[in-house]
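Subject: Structure for you to look at

Hello,

I am handing over the structure we spoke about. Please open it alongside this message; my notes follow below.

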Amino acid sequence: MEDQKMMHELINGLNGHLLGIKELTRKSQEAKKFAYCPYSKFRVGAALLTHDGTVFTGCNVENACFNLGICAERVAISKAVSEGYRDFKAIAIASDMCENFISPCGGCRQFMREFGSNWEVYLSKPDGSYVEMTVEELLPASFGPEDLKMKKANIRNEF
């Protein structure tokens, strides 16, 4: 009887986790609808999950001066940081690509890494399918805030 109860709790937990991932992915698909991308026509949405269950969404916002655009992932993270959040559980990313899972650009990978390397990233397709990775898997051997605290060589600045 106890084994059945434990199995039931495990299955419910897994189902809840899968439903949570599907909901987070759905929210990233919804966020994509607000993308401002008149130049690339490449819509991206993101949904960021905090440890207390709060979700922040973002979409890409382009600019005529191309390098001033901002990616969906950075919008979502910036919104969360501006509300006092610094510790994240997961982010789901969506685009309109049907044949490939969307993957964050290098800048977004480093931006995510600023807030830890061991949180989940769900790369999705419009049909709701997804691949689960971690920030560490997306950006191995990365540089993060803790590296700035490492002991450095004592050099003289001759400039």
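Leaving aside neighbours within four places in sequence, K32 is in contact with R43, V44, G45, A94, S95 and D96. With D96 there is also a polar contact of 2.9 Å between the two side chains. K32 belongs to helix 1, which covers residues 2–32. Its relative accessible area is 5%, under the 20% cut-off, so K32 counts as buried.

Please keep in mind that this is a predicted model. The protein chain has an average pLDDT of 90, and 87% of the residues score at least 70. Over residues 6–15, however, the pLDDT is below 50, and this stretch has zero contacts in the model beyond near neighbours in sequence.

Next, the nonpolar cores. The largest one has 19 residues, and L48, I91, M112, W119 and V121 have the most contacts inside it. At least two residues of this core come from each of strand 1 (44–50), helix 2 (72–82), strand 3 (88–95), strand 4 (120–124) and helix 4 (135–138). Helix 2 gives the largest share, four residues.

Not counting residues up to four places away in sequence, L48 touches L24, T54, V55, F56, A76, I77, A80, F88, A90, I91 and W119. There is also a second, separate core of seven residues, with A47, L49, A90 and A92 among them.

Regards

Key. Residues numbered from 1 in each chain as written. Predicted model: local features only at pLDDT ≥ 70, side-chain atom pairs only at ≥ 80, totals over all residues. Heavy atoms only, no water. Buried < 20%, exposed > 50% of the residue type's maximum accessible area, 1.4 Å probe, protein only. Polar contact = N/O pair within 3.5 Å; in protein donor to acceptor, adjacent residues only side chain to side chain. Contact = heavy atoms within 4.5 Å. pLDDT = per-residue confidence, 0-100. Core = buried A, V, L, I, M, F, W, Y, C linked by side-chain atoms within 4.5 Å.
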